[in-house]
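Me: I've got a model open here and would like to talk it through with you. Could you take me through the parts worth looking at?

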Amino acid sequence: MDVKRHIDVIRVNPQDWPDGTPAWKAETPELGHEVIPAGRYTSHDFMKLEWERIWTKVWLLGGRSDDLGEPGDYICTEIGKESVLIVRQHDGSVRAFPNVCLHRGNKLRPEGRGNVQNFRCMYHHWTYGLDGRIERIPDLDTFPQGGPPGMRMKLYPCEEWGGFVWFSLNPDVEPLSDYLDPMQQHIAPYHAERMAWVRDITVEWDCNWKTSVDAFNETYHVQGIHPQLQWYLDDVNVQIDCYGRHNRYLIPFATVSPRVALPSAIPPAIHEIMVKAGMDPADYEGRVSDIRRDVQLFKREHGPAQGKDYSELNDDQLTDDYHYMIFPNVSLNVHSDDIMMFRQRPHATDPDKMYYDIWMFELVPQGQPWPERPKHKRFKHGDRSIGQVLDQDAFNLPTVQKGMYSDAFPGLWIGDQELRIRHFHKVIDDHVYPHGKRPGDL
Amino acid sequence: MDLGLQGKRAIIVGAARGIGMAVAETLAREGCDLAVTARSEDGVKDAVASLKRYGTSVVGKAVNVKKADDYRAWLDWALDQLGGCDVLIPLSSAGGGMGSEKYWSNAFEVDVMGPVRAVEAVIPAMAEQKSGAIVLVATTSAGEAMGGPQPYNAMKASLVTWGKQLALFHGKDGIRVNIVSPGPVEFEGGNWDMIKGTMEKFYQAQLRQQPTGRLGTPEEVARCIAFLASPAASWCNGSHLVVDGGFTNRTHF
């Protein structure tokens, strides 16, 4: 690799943290070196296979449990051509059902959140209870055939885990806990439920949903599009782990990439990490290369007094980026004090478009008031800045998507640093081609 | 032109990187014996190993300039190792920073008291031999705004005043004191290298302000420092030389 220095990264000994997030390096799977066909990103046929065999079969992230605090609170979310209502019940449980009136097909609610006593269609006032049962059909006696079967919406499987609510369009889906395994043990120690919304944005991006997932599944692009992050993280000493259908990588933060010379002054972004931890960078006597470890020690010592319970996290987790991908479409950067996650949803009909949901949460220190939830914002690719780093991520995606159509581009030429991309596509294959790939399959 | 540095004994504080390293290298190439230091042990070790290739005697040990006793002990050690001192160039710096009072004490301890303690340590030896050259290194940021009202800028400014008055005071002892103020200098691992990577727009704006469209190199500054430190600059005393490629706006009357 093109590096200027060798760095021996201090990492925790996984044995020292048996109950927390596993830090072990998983065995690297043998996934070959084949080109990943570009057609997967452009083909309507492949998009249809994805719909039939992935989106309608697996568990999908619906929203945050804390948006469903009271009975009648609902989240209306969309996946492909389906719109789904996720509703807090009177007994505290959650249910999900289609956001479509069984009378003439009208949507019951627009996308977003709210609180209702019941769902009354704005067309002919068919009214549904929080549990999806039809409560009222005006002039029911004029329907000789009676109401729709069972007088209720069909329910989608819906469960909560880790402060999030999940649903599936597949009535026969496996239990959520089986599907997520082993992500629960990995992510639970961060206590996402102690973190509050700070950012809720949806951007309509001009690329296939997988183009976006790929963009966050490798660190190789840091030297290409995020030069400034080389004075913030180590994009070379990255641990990649693949687990069943999910995967992750671990990136040391608060350190300087071996791709650049070590400065004697504290880089601005690392300065900010220190300030956020409660340290005074002006008072720091160590070397820049010692900062990561010293921030860990400082947070370990001072976290409790700051109302921050880091007791379930290992030392690396106090600085580093543990970056997970939950198949098929959730990328999470989990950190001790915040979570930055992306939900990447396909467009209903166009393989060249997708919805990129940015969800960010910050730890609310004990004793501090729970901050007001930011309003959801929505815009199109490039219309507004989503921050320097994410703008850099977004910049190339439309041209990457266009290149997928070129006759001169057979597909993705993937290197070792991009192993998670290969793994992601292998898991797609497992779903799309359950009996194995045949010649000519994308 | 022969600088006349052959066989001179030079002490350089802050010699592991950037301008300091380039000064050490220039002086070694000119035939000076060197005692060098910096805060980083690895840095000093690497610097000594590299500087030895010019065939002069080079010694070095790490020291934290902020630790006054350690620093004085190092200076005594350096004088002892070299058997005296003809050239002193103390240029270690705590660097910039704003927003914490600590930046004032850091700049005072390193940028001001670093040179002060070194000068006080070598003056008796230089006065006794009736010759010596000291070059203090300030910055163009002392005279023109850069990066906000930083303690670094103000503390460096004090070296210009103090250096001139040292020159007046010690001329009788055969000691010359001059000051060099470099403009922005770029080298691998230096601040401007990092700024180029982390704040590209700001970096480009700096380049546009440079008459030559680039930043300086450590070697370009080091050659000027070496000249002022050399017997070739025998009539330069109390001079303040701005070495900035024309970067500063004011006219240096």
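Reply: One definition before anything else: two strands pair if DSSP finds at least two bridges between them. Please also keep in mind that this is a predicted model.

Me: Why is strand 2 of chain B largely enclosed by the rest of the structure?

Reply: Strand 2 (residues 33-37) of chain B is largely enclosed because 5 of its 5 residues are buried. B:Asp33, B:Ala35 and B:Thr37 point one way from the strand, while B:Leu34 and B:Val36 point the other way, and all of them are buried.

Me: Switching to chain A: what's the strand order in the open sheet of 3 strands?

Reply: In chain A that open sheet has the order 7-8-9, with antiparallel pairing; strand 7 (119-120) and strand 9 (134-136) of chain A are its edge strands, each of which pairs on one side only. Strand 7 of chain A is joined to strand 8 (residues 127-128) of chain A by 2 bridges, and A:Arg120 stands opposite A:Thr127 in strand 8 of chain A.

Me: What are the domains of chain A?

Reply: The domain assignment gives domain 1 (14-57 + 183-432) and domain 2 (59-172) for chain A, and the centres of these domains, taken over C-alpha atoms, are separated by 32 Å. Their contact takes 16 residues from domain 1 of chain A and 12 residues from domain 2 of chain A.

Me: Which element supplies the largest share on the domain 1 side?

Reply: That is strand 17 of chain A, with 3 residues of the side of domain 1 that touches domain 2. The residues of that side divide into 9 nonpolar, 3 polar and 4 charged.

Me: What about the largest nonpolar core, which residues there touch the most other members?

Reply: Among the 104 residues of that core, those touching the most other members include A:Leu85, A:Phe167 and A:Ile339. Strand 18 (residues 354-363) of chain A gives the most to this core, with 6 residues, and the core draws at least three residues from each of domain 1 and domain 2 of chain A.

Me: And which residues does A:Ile339 touch?

Reply: Not counting residues up to four places away in sequence, A:Ile339 touches A:Tyr190, A:Ala192, A:Met195, A:Leu332, A:Asn333, A:Val334, A:Met360 and A:Phe361. There is also a second, separate core of 74 residues, which includes B:Val119 and B:Ile225.

Me: Last one: how many residues of chain A are in contact with chain B?

Reply: In chain A, 17 residues are in contact with 15 residues of chain B, and the chain A side divides into 11 nonpolar, 3 polar and 3 charged residues.

How values were computed. Residues numbered from 1 in each chain as written. Chains lettered and ligands numbered in written order. Predicted model: local features only at pLDDT ≥ 70, side-chain atom pairs only at ≥ 80, totals over all residues. Contact = placed C-beta atoms within 7 Å. Nonpolar A, V, L, I, M, F, W, Y, C, P; charged D, E, K, R; others polar. Helix = DSSP H or I, 4+ residues; strand = E, 2+ residues; numbered from the N terminus. Domains from an automatic or database assignment. Buried ≥ 20, exposed ≤ 12 C-beta atoms within 10 Å, placed from the backbone. Core = buried A, V, L, I, M, F, W, Y, C linked by C-beta atoms within 7 Å.
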